[in-house]
Amino acid sequence: MPSIAGVRSSPMSIVGADVSSPQKRRLRSNSDLVDDTVISTPSKPCSPLKTKSPRRCCDDSPNRRRTNVNETVAIDNIPKMRKSPKKKLLDSFLDKPIWNPTDSEQLSAVKEALHVSTAPSMPVCREVEQKRIVEFCRQCVEQEKAGSLYVCGCPGTGKSLSMENVNKSLAVWAKETGGELPEVLTINCTSLSTTSEIFNKILENSQPHKKVNNRSTPLRQIQQLYSQKQQSTGTKMMLVIADELDYLITKDRVVLHDLFMLTTLPFSKLILIGIANAIDLADRFLPKLQSLNCKPMVLSFRAYSMDQIIMILKQRLMALSYTVFQPQALELCARKVAASSGDMRKALGICRAAIERLETELRDDTCTSNLTSMVRVDHMAIALSRAYKSPIVDTIQSLPQHQQIVLCSAVKLFRKGKKDTTIGELNQFYIDVCKSSLIPPVGIMELSCMCRVLGDQGILKLGQSRDDKLKRVTLQIDEADIIFALQGIRFFAAVFSK
Ligand SMILES: Nc1ncnc2c1ncn2[C@@H]1O[C@H](COP(=O)(O)OP(=O)(O)OP(=O)(O)O)[C@@H](O)[C@H]1O
Ligand SMILES: [Mg+2]
């Protein structure tokens with residue numbers, strides 16, 4: 001239920017997708033879990049302020065699990081994708097002919113499909129969030145009650161994109177039911193010349209035919225409009241979508257407060273949707289609303305998981321009649337982006353950069369004629385390494401080959417769903433990897449020594465046991481970093497693809 005002015009309903013928040021960014025394995029709960037997380041314990045708020053750019057806030061602290069500090073209600077966030085999207089990805093890609101990257105028409109069609117400004121007509125993976133927003137607006141309109149909703153989430157999680165769709169859905173709803181559409185005003189707060197200009201815009205839209213009254217401020221005039229029954233009668237409901245709201249937090253918190261307070265006035269017709277990165281805006285900056293029991297409802301967009309990123313990329317590439325990427329290359333991109341920020345903007349940029357790697361290779365190199373002209377894992381690895389260069393990647397890349405094989409074996413083993421293993425079991429996988437690559441394996445004593453060295457570097461964690469073979473082994477770093485570091489090396493690329 002929306003928090004509706006006048007009704008004084010108990011405020012509640014929806015954590016459609018608590019913004020739990022994936023993080024290093026030992027810190028991360030389950031970045032691959034797609035949905036259904038009910039979080040009710042308060043957590044550390046994410047840094048709310050974006051000092052330079054409003055985009056940066058959540059990105060700065062990807063390791064934090066963000067929740068709303070009050071009640072949270074999990075929603076069935078995302079369609080379940082348990083039926084191995086990787087496998088489906090493989091199937092759907094390989095039944096199309098391979099593209100020709102030297103064909104400029106194909107090249108520009110692919111780049112366009114992956115461009116951030118190319119919005120799919122029905123974005124996948126955000127259906128539930130969109131439905132919630134539409135439902136909130138619909139309820140406000142039907143009951144002719146003001147209300148506020150705060151949409152938050154890390155950069156590139158589809159908040160702005162979803163709002164475009166919400167507008168379309170509202171129009172469809174109004175057409176189908178004969179319901180009256182509210183006056184819609186979308187404002188990007190970063191484009192305001194002064195923060196209080198937001199009130200000019202709201203006033204202009206709520207009374208388009210009225211002469212400007214220069215004796216009173218626009219804020220005051222809106223307050224009067226929504227405070228007196230007589231004045232407000234006859235005015236249409238108004239939906240204000242204020243995107244990049246973080247800008248107001250850094251610039252002028254009073255404006256932010258005044259804006260939300262408008263929804264609490266007795267005859268308010270304002271439906272306010274504020275969109276920002278900071279999770280705890282409502283709690284930190286709108287205490288008065290809280291005390292009035294008119295705190296905005298909170299809908300949080302969770303960072304995209306690997307499966308979701310694959311699904312979104314797949315949807316975008318579906319329009320093309322040819323295969324551009326090796327499925328493993330897309331998987332690598334999705335894995336790495338999901339493990340760091342879950343930012344779709346970043347994933348799209350990296351895919352485009354990988355295409356550019358292929359273009360450069362085709363231009364510069366004649367020896368590649370026997371290789372596939374698809375974008376391969378090595379192109380993706382280079383594009384990724386430019387986008388993220390983490391010290392752990394350097395460390396892994398400079399390890400001796402057998403230590404790298406141990407890590408590669410551990411990743412293969414953990415891919416089977418295990419969370420930890422023993423040195424004995426790891427040894428079996430290590431021997432298999434060595435054999436498949438015609439490399440003589442070292443003995444188990446030496447392997448155990450290597451695990452200790454990797455443990456000293458903080459890459460593995462070893463348990464206690466008198467018998468070396470029974471010592472438990474867990475990864476202390478993200479699998480994605482290992483795959484990413486080793487995929488660029490052709491030997492390992494072959495091992496991972498087996
Ligand atoms: N579900 C999706 N399906 C297809 N493309 C998506 C999806 N989500 C995000 N994108 C792509 O990523 C881009 C960034 O998404 P969007 O602008 O909605 O992010 P945001 O959450 O508003 O980020 P910010 O906080 O930085 O404003 C979109 O323009 C779109 O190209
Ligand atoms: Mg946005």
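Author: The model is predicted: local features need pLDDT of at least 70, side-chain atom pairs count only at pLDDT 80 or more, and totals for chains, interfaces and linings use all residues. Residues are numbered from 1 along each chain as its sequence is written, while chains are lettered from A and ligands numbered from 1 in the order in which they are written.

Reader: Which residues of α12 are buried?

Author: Buried means that 20 or more other C-beta atoms, placed from the backbone, lie within 10 Å of a residue's own; exposed means 12 or fewer, and partly exposed is in between. In α12, the buried set runs Met-306, Asp-307, Gln-308, Ile-309, Ile-310, Met-311, Ile-312 and Leu-313, then Arg-316 and Leu-317. Across the protein chain, 43% of the 498 residues are buried.

Reader: How many Å should α12 span?

Author: Helices (H or I, at least four residues) and strands (E, at least two) are DSSP runs, numbered from the N terminus. Expected span is 1.5 Å times one less than the number of residues. For the 13 residues of α12 that gives 18 Å, and the end C-alpha atoms are 18 Å apart, which agrees. The protein chain holds 21 helices and 10 strands.

Reader: What place does Ala-303 have?

Author: Ala-303 sits in the loop between β7 (297-301) and α12 (306-318). Ala-303 counts as buried because it has 30 C-beta neighbours inside 10 Å. Asp-343 is 40 residues away along the chain, yet the two C-alpha atoms are separated by 6.7 Å.

Reader: Where does ligand 1 lie, and why?

Author: Domain bounds come from an automatic or database domain assignment. Domain 1 (13-78 + 124-301) and domain 2 (85-120 + 306-388) both give residues to the shell, so ligand 1 lies between them. A residue is near the ligand if its C-beta atom, placed from the backbone, lies within 6 Å of it. Of the 19 residues around ligand 1, Pro-155, Gly-158, Lys-159, Ser-160 and Leu-161 come nearest.

Reader: Which helix gives the most to that shell?

Author: α4 does, with three residues. Both α4 (159-177) and α14 (344-364) supply at least two. By type, the shell has nine nonpolar, six polar and four charged residues. Here Ala, Val, Leu, Ile, Met, Phe, Trp, Tyr, Cys and Pro count as nonpolar, Asp, Glu, Lys and Arg as charged, and the others, Gly among them, as polar.

Reader: What does Ile-273 touch?

Author: Contact means C-beta atoms, placed from the backbone, within 7 Å. Leaving out residues up to four places away in sequence, Ile-273 touches Ile-133, Leu-149, Val-151 and Ile-241. Ile-273 belongs to strand β6 (residues 270-276). Leu-149 is 124 residues from Ile-273 in sequence, but 4.8 Å away in space, C-alpha to C-alpha.

Reader: What order do the strands of the open sheet have?

Author: Two strands pair if DSSP finds at least two bridges between them. The three strands run β8-β10-β9, with antiparallel pairing. The edges are β8 (421-422) and β9 (460-462), each pairing on one side only. Two bridges join β8 to β10 (residues 472-475). Thr-421 stands opposite Val-473 in β10.

Conventions: Contact = placed C-beta atoms within 7 Å.
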